[in-house]
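Please open the structure in your viewer and keep the selection tool at hand.

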Amino acid sequence: MNEFEVKVLDINVDDIRSIMNNHNIPLVKKEEQINNIYDFEDMRLLKLKGYARVREVNDILHNKKEYFMTVKKMLSQDVFKVMEENEVIVDDSESAKKIFEGLGLTLIQSIEKYRESYKYKNTLIEIDINDKTFCPFPYLEIETSSEEEFNEILDILGYTPEDTTSKTVYEILEERGINNSNIKGL
């Protein structure tokens, strides 16, 4: 599956929640996540703006835990960041980690994140609040396959396409002079 994504940085979380509520855009996810990022020692996946990930999710809305094994690869980065994403649900995170390690990947970084996701038609609007030691500001991720829905969402939120970025979190942090990761060579 290909994922079309942009970010809106430095959002006011309460304002976004209020807009979602006022427009009856339903909350579909409320999660605490641990994102375990894997790569080879030469960092070949991250250098190409991709990665392997084991995500541990505490699903607050449904009171359950889920585990996902994912590989992402950057396809393009124009108006939208377009990623090829292959993901499966796994029974437990430890087995997924051992599969990646068995393939020669190593754990590069573990990132804790709180995420709320809202659904507008077929588009996800996600509030991401990372552990402040990784990313000190909240942002939106808008994931869509429709430019029309993308523009509708921006209009509802009071943003323009110029307020969005297709950059990765790592690129944004580097631009802002925030070098808090243990990832070398990027």
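Begin by selecting Arg53, a residue that is buried, because its relative accessible area of 4% is under the 20% cut-off. This is a predicted model. Arg53 belongs to strand S3, which covers residues 51-59. Show its side chain, and a polar contact of 3.2 Å to the side chain of Tyr51 can be found. Then display the residues that Arg53 touches beyond four places in sequence: Asn35, Asn36, Ile37, Phe68, Met69, Thr70, Lys72, Glu87 and Phe100.

Next, select Glu141. Between the C-alpha atoms of Arg53 and Glu141 the distance is 18 Å, and 88 residues separate the two in sequence.

From Glu141, proceed to Asp128, with which Glu141 is in contact. Asp128 lies in strand S7. Is Asp128 buried or exposed? Asp128 is buried, with a relative accessible area of 0%. Its side chain and that of Lys113 are joined by a polar contact of 3.2 Å. Tyr114, Arg115, Pro138 and Tyr139 are also among the contacts of Asp128.

Now select Met20, Ile125, Leu140, Ile142 and Leu157, which have the most contacts inside the largest nonpolar core, a set of 20 residues. At least two residues of this core come from each of strands S1, S6, S7 and S8 and helices H1 and H4. Centre the view on Ile142: beyond four places in sequence, its contacts include Phe4, Val6, Val8, Leu124, Phe150 and Leu154.

Finally, select Ile108, Phe134, Phe137 and Leu173, which are among the 13 residues of another core, apart from the largest one.

Conventions. Residues numbered from 1 in each chain as written. Predicted model: local features only at pLDDT ≥ 70, side-chain atom pairs only at ≥ 80, totals over all residues. Heavy atoms only, no water. Core = buried A, V, L, I, M, F, W, Y, C linked by side-chain atoms within 4.5 Å. Buried < 20%, exposed > 50% of the residue type's maximum accessible area, 1.4 Å probe, protein only. Helix = DSSP H or I, 4+ residues; strand = E, 2+ residues; numbered from the N terminus. Contact = heavy atoms within 4.5 Å. Polar contact = N/O pair within 3.5 Å; in protein donor to acceptor, adjacent residues only side chain to side chain.
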